[in-house]
Amino acid sequence: MAASLSISTNPSFTSSPKIPHTLSPIPHSIKFPATTPQNSIKSLTLRPPRASAVIPRAAASQPSSDGSATFHGVCYVVGDNIDTDQIIPAEYLTLVPSNPAEYEKLGSYALCGLPSSYAARFLEPGETKSKYSIVIGGANFGCGSSREHAPVALGAAGTAAVVAESYARIFFRNSVATGEVYPLESEAPSSSPLLYLASPAVVISPTHRASSLFSLGDPNPHHRHATRAPPSLAPASLALLRRTIVAPNVALISL
Amino acid sequence: MASSAIAPTSAPFINKKELGFSALSSSSPFSIQRCKRTTVSKKICSVMAPQQSERKPATTGSVKTGMTMTEKILARASEKPQLSPGENVWVNVDILMTHDVCGPGSIGIFKKEFGQDAKVWDREKIVIIPDHYIFTSDERANRNVDILRDFCTEQNIKYFYDIKDLSNFKANPDYKGVCHVALAQEGHCRPGEVLLGTDSHTCTAGAFGQFATGIGNTDAGFVLGTGKLLLKVPPTLRFIMDGEMSDYIMAKDLILQPLKQPPGPHLTSGTSWARVPLGYLPQFVPIIGEISVAGATYKAMEFVGTTVESLNMEERMTLCNMVVEAGGKNGLVPADTTTYKYLEDKTSVPYEPVYSDAQARYLSEYRFDISKLEPLVAKPHSPDNRALARECKDVKIDRVYIGSCTGGKTEDFMAAAKLFLASGKKVKVPTFLVPATQKVWLDIYTLPVPGSGGKTCSQIFEEAGCDTPASPSCGACLGGPKDTYARMNEPKASYLLAPQVCVSTTNRNFPGRMGHKEGQIYLASPYTAAASALTGYVTDPREFLQ
């Protein structure tokens, strides 16, 4: 199945795992295939793509001829071990996610727990939807509590997808169960300047390291690592990749 | 000491390592190759053995492969003869627990998906325990308890530990307090069973030799309707702890060990290096091998050995409680006479313990000599930012918090009282005591502390100048509404520029965990917390206990 995702980041972003910053508002695009999921949990809800009114957020284009949809959005980059207390501090957990008004309010608090070392905030005061629609994280994203409020808050704030090196188990499972954010796993550190996500491989350029995108509903990162594509590939176009890499059965849903 | 890289083989994946403690001190004599974040390979493919496919029983009789406790429990609960790690199975749930924070959301999903008039799968297998935001004037928090009550009435839920009179917890005969402690005290934890809860510390119940793990609202909503959940069988890490625990060591020290962060570049703001390829471990690794906050992700952690056998149930609960802080799916201590005695007067539901087979296959196995363990703390802002308590003796503190499912049980308060008694002095900083449940509160006020000539914990706490023990709940462990007792609301200490520092017996110290984002939390055992209260600095309990 053809799938392509691409995120281009600010070329001036420095490779620093220490103090993650947001990128300047250069539009970034993620493409997802519009095909239905194979090999995945059938009860997953497909959420319609969000339209953006004023701020360029994740706006879906028309499905292209290969069946993929494109999302353009600004990425918010965070570090490792972003725990659920940072994603949604406990004092806001009195909001019940299944209550629509409180769901929206949860969104307004997404990532407000990040320490003040994050100078650029995910949401400005008074905003209920973030201008960032893609969160790029490091290792162990979502660690800590089982609170489903965490992926819900991100989803309610308008986050379409999280691209992280790895996820904490419960957060990943909750993301998949709710369908609020699509949790993509990528081998690259968040400093990579260019990211092509093509089924089944994620190619990170210019280092040309590749990792694999795994089936939805398969939450074991170690199992997935065992079936990964080799770590380095010669530079290749996306088309070449699709032809040369034997894919594990990958299912993606459109957001 | 050379690092022993473990190459992937097709053989069963047991890695035995003999582990001592000399690498504990900050000036390690070992020239262990430490991975820097920028150079380490991120691939963990060397850890896991090739996935085993399911074996069919032979026609002449079942030829079964040895299974671990977790595999056996899930096999029985999914009605399969044999399971291997990696398999996804539909598991019958014995107990589903929820509380005031996640219950309303789970109920909302249940009604939305199964219908407004739907009935739960089994009114006796659901335990609803308000405990998180109870003693507060926050209207939404209070409303959430009302939502639980309405649901329990409508569904005739058998176990609902309700509270109505917030001004006096004792006026609520059904109210218990912290869910994980209440589950144990009320006899809902039983060996061999499957217990799921909408709380990450549900893994605490693994102390009873059962499979217990945390789930989110959506999964809980599904379980409410069906009594089943799709679970992936985790591989098991085995931790063999032998040796006698010194008088100043508690289970909290045992579990903080595994979470040690490998030395290397890391920020004081707490970003820790999360992933250590297990094949990279040097030969002598202090305790559960530097597995860090993600080292046990998706894995079961099984605790065995003479040290574990010597622990009472509450200490075993502390051990299993923080399994989730290593990313673990579940923790387990095999059931034994200690377990059966504890359960004798608490449950009459029959149970059947399971034990790992001799030929069970483990992802990795670690051995520890506990006798050399020293008291530990987890420094801000991560549970794996481990350090020796004595190395932090210059850290001035502003407050001490003794409470939570991790460190607010009867045994925890007993330990703190013993230390205060041994010192005979008064605390130098505000010391907040929050018993986990009504029963714990009662124990604090009635049980005599050994060696005190008949004094109760409460008397000793009063003489030491601690705050009066508060109403039982989760309290400030996770911050909560702004008016929560002992919440860290002030960013700065009263003496100006430094942020507030708290030594706490709780389980997490991420930024803002107990309230203000700049608050600094040192996780510690009750002994260490009490010792620190007496000096006003992070203090090794040996100052008072030897």
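I'll go through the salt bridges, then one annotated span. Keep in mind that this is a predicted model.

Start with the total. Searching the whole structure gives 31 salt bridges over all chains. I'll pick out a few in chain B.

Take B:Glu124 and B:Lys158. They form a salt bridge, with the closest N and O atoms 3.8 Å apart. What does this pair tie together? B:Glu124 sits in the loop between helix 2 (103-114) and strand 4 (126-128) of chain B, and B:Lys158 in the loop between helix 3 (139-155) and strand 5 (159-160) of chain B, so the bridge joins parts that are 34 residues apart in sequence. Buried or exposed? B:Glu124 is partly exposed, at 39% relative accessibility. B:Lys158 is partly exposed too, at 41%.

Next, B:Lys409 and B:Asp412. Their side chains meet in a salt bridge, 3.3 Å from N to O. B:Lys409 is buried, with 0% relative accessible area. B:Asp412 also counts as buried, at 1%.

Then B:Arg190 and B:Glu193. This salt bridge has its closest N and O atoms 2.8 Å apart. Both B:Arg190 and B:Glu193 are buried.

There is also a network. Salt bridges link B:Asp146, B:Arg149, B:Asp162 and B:Lys164.

Now over to chain A. An unreviewed UniProt entry annotates residues 133-185 of chain A as "domain: Aconitase A/isopropylmalate dehydratase small subunit swivel". In the model, that span is 34% helix and 23% strand. The C-alpha atoms at the ends of residues 133-185 lie 16 Å apart.

That's it from me.

Key
Residues are numbered from 1 along each chain as its sequence is written. Chains are lettered from A and ligands numbered from 1 in the order in which they are written. This is a predicted model: local features need pLDDT of at least 70, side-chain atom pairs count only at pLDDT 80 or more; totals for chains, interfaces and linings use all residues. Side-chain values use heavy atoms; hydrogens and water are left out. UniProt positions are given in the numbering used here, feature names are shortened, and annotations may be inferred rather than shown by experiment. Helices (H or I, at least four residues) and strands (E, at least two) are DSSP runs, numbered from the N terminus. A salt bridge is a side-chain nitrogen of Lys or Arg within 4 Å of a carboxyl oxygen of Asp or Glu. Buried means under 20% relative accessible area, exposed over 50%, partly exposed in between (1.4 Å probe, protein chains only).
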